[in-house]
Amino acid sequence: MTAKPSVWFQLWMEVKHNRTAQIALLILFILVVCAIAAPWLAHHDPLTLNLETSRFVPPFFVEGGSMHHPFGTDASGRDVFARVLHGGRISLALGFLPVVIGVGLGVPLGLLSGYLGGRVDQILMRINDCLLAFPSILLALILVAFLGQGIVNLMIAVGIAYAPTFARVSRGAALGERNKEYVVGAFAHGASLSRILFKHVLPNTLNSIVVVATMSFASALLESAGLSFLGLGVRPPVPEWGAMLAEGKADFYQAWWTLVFPGAAIFLTVLSLNMLGDALRDALDPRSERRTA
Amino acid sequence: MFIRHAFTRFVASIPVLLLLTLVLFGALKLIPGDIALVMAGERATPERVEYIRESLHLNDPWFVQYGLYLKRLVLEADLGHSLFHDQPINTLFASAIPATVELAVAALLIAIPVGLFLGVVSAVARRSWWDRFASLIALTGVSMPIFWLALLLMWFFSLNLGWLPTSGRLSDEVLFDPASQSLFRMYTLDGLYLGLAGEGWDVFTSAVRYLVLPAVALSTIPMAHICRMTRSAMLDVLQQDYIRTARAKGLSVFKVVLKHAARNAALPVVTIMFLQAGALFGGAVITETMFAWPGLGKLLVESIGSRDFPMVQSGTLFVGCMFVLFNLMGDIVVGWLDPRIKQASGTQKGNG
């Protein structure tokens with residue numbers, strides 16, 4: 001094995017010296033903590049209706065609002081603060097899990113294809129190129145349309161739609177590593193194929209995979225929220241940011257807060273993920289490092 | 001050599017389209033249960049179910065079905081029959097495509113100049129406040145959920161200021177019957193034609209007022225991508241030696257950018273422009289639904305909701321075709337601009 005520090009340590013060093021990445025990570029950390037701690041942070045249940053007493057209570061900083069409902073309530077008297085926090089659990093998962101699925105499907109295929117080369121590589125990459133030629137939201141839309149709607153199907157659909165991207169990235173990286181001495185050495189040592197791929201080639205391709213995964217997290221979250229907004233993903237009354245926007249659309253003119261808070265949550269999450277992705281890419285890509293230096 | 005490049009790119013896009021038809025054909029098989037029964041709905045008569053089974057050739061083996069599907073698409077240019085609207089899909093598309101094209105062109109007319117301008121300015125004045133401002137706009141553009149932006153635009157410009165309408169294509173007060181009077185099926189063009197013919201400009205003004213908000217909302221993402229690509233391509237070029245030479249000769253920044261840098265930075269920017277345009281011409285799913293714009297995107301979403309599978313199939317096929325077509329046009333234009341391309345280089349792709 002090489003004496004290089006691990007990829008995660010390298011990434012951490014980059015983040016330590018990059019202000020943008022730090023801010024982005026801090027925001028993401030707060031968002032994730034809020035989502036996990038939702039039941040303890042919010043005093044209300046996200047699903048409890050309260051049609052008699054508290055419909056359209058404005059947020060605390062507007063006249064008529066109070067800290068009892070910090071972000072106000074929606075048309076059914078549900079607490080928007082509680083819904084945004086609980087919604088974070090589902091929305092963040094809908095950004096993250098598709099990336100996990102995409103990495104799980106795409107990376108092994110890409111590594112194998114790049115390492116083996118030849119006929120296998122050609123066929124796999126031809127198909128992959130065809131899939132890459134379509135916008136990922138289109139693939140997700142087709143799958144959702146035909147598999148049926150629902151959280152799990154949405155995740156699978158968006159995940160499959162991202163697999164070709166990861167296959168492409170990891171294949172390129174594997175291609176660069178396959179003839180390096182340490183790989184040839186491991187092969188001569190009689191290491192099995194999976195050991196070569198996952199123990200030797202994978203760690204050296206992680207850099208680019210991490211960058212692409214960060215960016216994909218952002219766009220998968222946007223796409224899932226968009227599909228839910230169109231009524232093709234998570235269905236009301238489940239609290240999810242996109243679905244909340246769809247529900248609040250009709251009440252926009254009397255209660256802007258039902259839309260501003262979930263929308264701002266999506267925007268903030270995607271923005272910080274993109275900032276983090278940009279910073280990591282600039283830091284890890286030697287070409288653009290020169291550019292920003 | 002350029003012709004050969006164009007031809008190779010064209011041939012290379014055929015398997016992509018074939019794969020798309022295969023995926024869409026296969027998708028129909030993913031539906032759980034008996035397709036004919038699902039399509040006909042729960043309360044359909046057995047005759048109707050049998051009719052659907054026959055029209056989809058469900059009693060034949062799958063490759064025969066696929067062959068017949070391809071034959072119908074390619075030779076007869078028939079996209080099928082909508083179950084929900086009970087009309088030929090060709091007819092429905094014929095009325096939806098002009099609306100989509102009008103919106104897409106309007107969005108590109110905003111996105112391309114603004115994106116290019118911001119990208120060039122931030123590359124030339126690198127690390128100035130201009131650069132930070134432009135980069136912030138671009139980052140916001142790629143991160144903004146378009147449905148949220150659309151809602152904010154409606155809230156601000158329609159509800160608060162009362163300047164612009166929120167949905168539809170034309171005001172009821174305008175004396176214009178689209179069914180009989182519209183020549184282009186694009187009301188801004190119709191309005192322009194009427195205005196130039198001396199019939200008054202009220203149709204044109206109304207159509208433009210209805211077009212502004214959806215076009216602005218739709219333009220943000222392509223604008224942001226064009227801006228980011230222009231900035232990085234210009235930065236690459238501006239670091240080259242020949243630019244330094246040109247500057248050393250005493251040429252102004254303006255001249256250097258216009259004469260030397262722009263030409264060489266154009267290739268990646270053109271590619272991304274065509275990619276973005278391809279995505280827009282397939283129908284803006286979210287924007288059209290938000291603004292009740294009767295285009296392909298809205299039709300597609302409605303057909304998924306009503307489980308109108310032939311429509312979903314043909315709708316996504318159209319989106320995919322537009323994407324492939326614009327990708328191909330981008331490749332060809334780049335080949336024409338780039339003297340280095342002697343012959344196609346295999347799997348060269350968009351974002352590079």
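**Exercise 1. Find how far apart the two domains of chain B lie, and describe where they meet.**

Solution. In this predicted model, the centres of domain 1 and domain 2 of chain B, taken over C-alpha atoms, are separated by 35 Å. Start with the bounds: domain 1 of chain B covers 16–78, and domain 2 of chain B covers 94–351. Next, look at the contact itself, where 7 residues of domain 1 of chain B meet 7 residues of domain 2 of chain B. On the domain 1 side, helix α1 (residues 2–30) of chain B gives the most, with 6 residues. Finally, sort that side of domain 1 of chain B by class: 6 nonpolar, 1 polar and no charged.

**Exercise 2. Describe the side of chain A that touches chain B.**

Solution. Begin with the counts: chain A brings 33 residues to the contact and chain B brings 36 residues. On the chain A side, the elements that give two or more residues are α5 (118–132), α6 (136–147), α9 (193–229) and α11 (257–284). The largest share of this side, 8 residues, belongs to α11(A). By class, the chain A side holds 26 nonpolar, 4 polar and 3 charged residues.

**Exercise 3. Work out how α10(A) and α11(A) are oriented, and list the residues through which they meet.**

Solution. Let us stay with α11(A) and turn to its packing. Helix α10 (residues 241–248) of chain A packs against α11(A) at an angle of about 155°, and their axes are 9 Å apart. Angles over 145 degrees count as roughly antiparallel, so α10(A) and α11(A) are roughly antiparallel to each other. Their crossing is left-handed. From α10(A) come Trp241(A), Met244(A), Leu245(A) and Gly248(A); they meet Thr258(A), Leu259(A), Pro262(A), Gly263(A), Ala265(A) and Ile266(A) of α11(A). Sorted by class, the residues of this contact are 7 nonpolar, 3 polar and no charged.

**Exercise 4. Decide whether Met273(B) is buried or exposed, and find its surroundings.**

Solution. First place the residue: Met273(B) sits in helix α12 (residues 253–281) of chain B. Then count: a residue is buried if 20 or more other C-beta atoms lie within 10 Å of its own. Met273(B) has 24 C-beta neighbours inside 10 Å, so Met273(B) counts as buried. Leaving out residues up to four places away in sequence, Met273(B) touches Ile112(B) and Ile226(B). Met223(B) is 50 residues from Met273(B) in sequence, with 9.2 Å between the two, C-alpha to C-alpha.

**Exercise 5. Examine how well α8(A) is covered, and what follows this helix.**

Solution. Helix α8 (residues 181–188) of chain A is hardly covered, as the count of buried residues among its 8 residues is 0. After α8(A) comes Gly190(A), with a positive phi near 90°.

Definitions and conventions: Residues numbered from 1 in each chain as written. Chains lettered and ligands numbered in written order. Predicted model: local features only at pLDDT ≥ 70, side-chain atom pairs only at ≥ 80, totals over all residues. Contact = placed C-beta atoms within 7 Å. Helix = DSSP H or I, 4+ residues; strand = E, 2+ residues; numbered from the N terminus. Nonpolar A, V, L, I, M, F, W, Y, C, P; charged D, E, K, R; others polar. Domains from an automatic or database assignment. Buried ≥ 20, exposed ≤ 12 C-beta atoms within 10 Å, placed from the backbone. Axes fitted to C-alpha atoms, helices over the stretch in contact; angles between N-to-C directions. Parallel < 35°, antiparallel > 145°, perpendicular 65-115°, else oblique. Left-handed = near helix turned anticlockwise from the far one by under 90°.
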